[in-house]
Amino acid sequence: MARQPTASTCGPNWFGQFLIGISIGSRFKREVVLRLPRVFVSSAVFILILATLLFGYAALLCWLTGLDLASATLGASPGGLVEMAITAQTLHLSVGLVTGFHVVRAFLVNGFATKFWVEFHRVGLFTGLDWIASRLKRHR
C-alpha cells in the first residue's frame with residue numbers, strides 16, 4: 001500500500017507554513033513580546049476551558065447519536081476545516097462527518113455573526129471587554 005502524502009510531509013506546504021510564521025513573527029514589537037507572559041496565562045486557561053467544553057459536547061453527541069468519539073471530537077474541535085479533514089483522513093476516521101461539522105459551523109458563525117454580536121451586546125456580555133479595551137487605550 002503506497003503512503004499518501006500529508007500536509008506535514010510535503011516540502012512546498014511545509015516551506016509555505018514556515019514563511020507565514022516568519023512573516024507573523026517579524027511584525028511583533030518588543031513591548032508586545034514583553035507583555036506576552038501575562039497574556040499566555042489567560043490564554044492557556046481559556047484554551048483548557050474551551051477544549052474541555054468542546055470535548056464534553058463531542059462526548060454528549062457521541063452518547064446521543066452513537067458516533068465514534070474520535071470523529072465527534074474532531075468535528076467539535078475549533079481547528080480549521082482543512083486541517084481537521086486531513087487529520088481525520090490520516091487517522092482513518094470519517095472525513096465526511098468531520099467536514100460536515102466544520103462546514104455547518106462555518107456557515108453558522110459567518111452567517112449569524114452580526115446577529116450574535118448584537119445579542120451579546122444587548123445582554124451585556126462585552127461590558128468587561130469594553131472596560132479592558134478602554135484601559136489598554138489609556139496606557140498607549
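This is a predicted model: local features need pLDDT of at least 70, side-chain atom pairs count only at pLDDT 80 or more; totals for chains, interfaces and linings use all residues.

Residues are numbered from 1 along each chain as its sequence is written, and side-chain values use heavy atoms, with hydrogens and water left out.

**H4 and H5.** I looked up the axes of H4 (residues 81-90) and H5 (residues 95-122), which come within 9 Å and cross at roughly 165 degrees; helices here are DSSP runs (H or I, at least four residues) numbered from the N terminus. That makes H4 roughly antiparallel to H5, a term kept for angles over 145 degrees. Among the residues that meet, with contact taken as heavy atoms within 4.5 Å, I listed Met-84 and Ala-88 in H4 and Val-98 and His-102 in H5. The residues of this contact divide into seven nonpolar, three polar and no charged.

**H2 and H3.** I then turned to H2 and H3, which pack at an angle of about 135 degrees with their axes 8 Å apart. That makes H2 oblique to H3, and their crossing is right-handed. In the contact I noted Phe-55, Ala-58 and Cys-62 among the residues of H2, and Leu-69 and Thr-73 among those of H3. The residues of the contact of H2 with H3 divide into nine nonpolar, one polar and no charged.

**What is buried in H3.** In H3 (residues 69-76) I found Ser-71, Ala-72, Leu-74, Gly-75 and Ala-76 to be buried, which stands for under 20% relative accessible area, against over 50% for exposed and in between for partly exposed (1.4 Å probe, protein chains only). The cover over these residues includes H2 (30-65), H4 and H5.

**The salt bridge.** How many salt bridges does the structure hold? I found one, the term requiring a side-chain nitrogen of Lys or Arg within 4 Å of a carboxyl oxygen of Asp or Glu. Glu-119 forms the salt bridge with Arg-122, their closest N and O atoms being 2.9 Å apart. Both lie in H5, three residues apart, about one turn of the helix. Glu-119 is partly exposed at a relative accessible area of 37%, whereas Arg-122 counts as exposed at 60%.

Key: Axes are lines fitted to C-alpha atoms, for helices over the stretch in contact, and angles run from 0 to 180 degrees between N-to-C directions. Helices (H or I, at least four residues) and strands (E, at least two) are DSSP runs, numbered from the N terminus. Angles under 35 degrees count as roughly parallel, over 145 as roughly antiparallel, 65 to 115 as roughly perpendicular and the rest as oblique. Ala, Val, Leu, Ile, Met, Phe, Trp, Tyr, Cys and Pro count as nonpolar, Asp, Glu, Lys and Arg as charged, and the others, Gly among them, as polar. A crossing is left-handed if the near helix is turned anticlockwise from the far one by less than a right angle, and right-handed if clockwise.
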